[in-house]
Amino acid sequence: MNAPLSRSGLMFGAGAYLMWGLFPLLMAALKPAGAVEITAHRAVWSLVVCLIAVAIVRGWKRLRTVLTSRRTVLILAAAALVVSINWLAYVYAVVTDHVNSASLGYYINPLFTVALGVIFLGERLTRAQIVAISIAAGAVIVIGVGMGEVPWLSLIMAVSFGLYGLLKKQVGGKVDALTGLTVETMVLAPLGLIAIVFLERAGQTTFGHRGADGLGLSHDLLMMSTGLFTAGALLLFAAGARRLPLFVTGLLQYIAPTMMFILAVWHFGEPMPVSRWIGFVLVWIALVILTVDGWRRRPRKAEARVEPAEPV
């Protein structure tokens, strides 16, 4: 418990969340591409990057072992479908100038993850966790009232990301990060290719096209880089998680939504009415309560900690 933190672990972990936090800049740079096209290409190019990485680290044996386990493949396939919803919602939030909604979704996620632990893993809520979740629910209501509607986009992101983490937890000890993502993208890439074909026939693709603002070789390379960013950030996260205490990894996960929030307000210039500020402040208070509670319980109830899933 008193051992010094691994500097390399902090660098890897922080690097992963910094990449995820900067992801909105890449998504925005891909305009005029739509959310479906970007998500489809992200799945395809992520598989390409994963297969190259598997070849480099000679991970074919691990991949074959996972593919021979029907239960593991089914769980990873389900995780892939869930994370595709998260990817689509995330990209849609960025390309439609709702980066704040993405930030809120990832802020809410740790609280939703605690609730999933109670529902599916039989964990018991502490008083502090009950207070934190109640405050977060109040924040969603405040933001919803201010918007005049339920913040569906943020909730979809939080729920899909939480379910993804829950599914990954079922195979977490058996499947390493690279192998898991490879299997997931093997499921998603064919669907991505089908989506690209349909978009191409409908005249709604931008990849490989010329003659309009924002299109060209640089656009195509940026589209392909979504796979590199996806796989690269995940591998950095895995390297950091192996070297750091779980509690530190849990704290680092707030880097990404905080960067998204900063980008939304000061870079993209998204509106922040009073109701949204109040909602975000309430979420931050809830997260502080959750974090302090986790710190206090860390020495004697390590087994009850909820492992943070990797942002996507």
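Search the whole structure and you find 4 salt bridges. Keep in mind that this is a predicted model, so let's walk through some of these pairs with that caveat in place. The general idea is simple: side chains of opposite charge can pair when their charged atoms come close.

Start with aspartate 97 and lysine 31, whose side chains meet in a salt bridge at 3.2 Å, N to O. This pair links distant parts of the chain, with aspartate 97 sitting in the loop between α4 and α5 and lysine 31 in the loop between α1 (7–29) and α2, 66 residues apart. Aspartate 97 has 44% relative accessibility, so it counts as partly exposed. Lysine 31 is partly exposed too, at 33%.

Next comes aspartate 176, which forms a salt bridge with arginine 62; here the closest N and O atoms are 3.3 Å apart. Aspartate 176 lies in the loop between α7 (152–169) and α8 (177–201), while arginine 62 belongs to helix α3 (residues 60–67), so the pair ties together parts that are 114 residues apart in sequence. Aspartate 176 is partly exposed, with a relative accessible area of 30%, and arginine 62 is partly exposed at 39%.

Now look at lysine 168 and glutamate 184, where the salt bridge has an N to O distance of 2.8 Å. Lysine 168 is in helix α7 and glutamate 184 in helix α8, so this pair ties together parts that are 16 residues apart in sequence. Both lysine 168 and glutamate 184 are buried, meaning that each has under 20% relative accessible area.

Back to the helices on either side of the aspartate 97 loop. Helix α4 (residues 70–95) and helix α5 (residues 99–121) pack at an angle of about 140°, their axes 7 Å apart. That makes α4 oblique to α5, because only angles over 145 degrees count as roughly antiparallel. Which residues in α4 and α5 meet? On the α4 side they are Asn86, Tyr90, Ala93 and Val94, and on the α5 side Val99, Ala102 and Tyr106.

Over in helix α12 (residues 274–297) you'll find serine 275. Is serine 275 buried or exposed? With a relative accessible area of 19%, serine 275 is buried. Leaving out residues up to four places away in sequence, serine 275 touches Val142, Ile143 and Gly146.

Finally, the surface. Val48, Ile52, Ile56 and Val57 make a nonpolar patch of about 360 Å² there. One of them, isoleucine 52, is placed in helix α2 (residues 35–57) and counts as partly exposed at 46% relative accessibility.

Note on methods
Residues are numbered from 1 along each chain as its sequence is written. This is a predicted model: local features need pLDDT of at least 70, side-chain atom pairs count only at pLDDT 80 or more; totals for chains, interfaces and linings use all residues. Side-chain values use heavy atoms; hydrogens and water are left out. Patches are made of residues with over 30% relative accessible area and no salt bridge: like charges are joined within 9 Å, nonpolar side chains (Val, Leu, Ile, Met, Phe, Trp, Tyr) within 5 Å. Accessible areas come from the Shrake-Rupley method with a 1.4 Å probe; for residues, only the protein chains shown count as cover. Helices (H or I, at least four residues) and strands (E, at least two) are DSSP runs, numbered from the N terminus. Buried means under 20% relative accessible area, exposed over 50%, partly exposed in between (1.4 Å probe, protein chains only). Axes are lines fitted to C-alpha atoms, for helices over the stretch in contact, and angles run from 0 to 180 degrees between N-to-C directions. Angles under 35 degrees count as roughly parallel, over 145 as roughly antiparallel, 65 to 115 as roughly perpendicular and the rest as oblique. Contact means heavy atoms within 4.5 Å.
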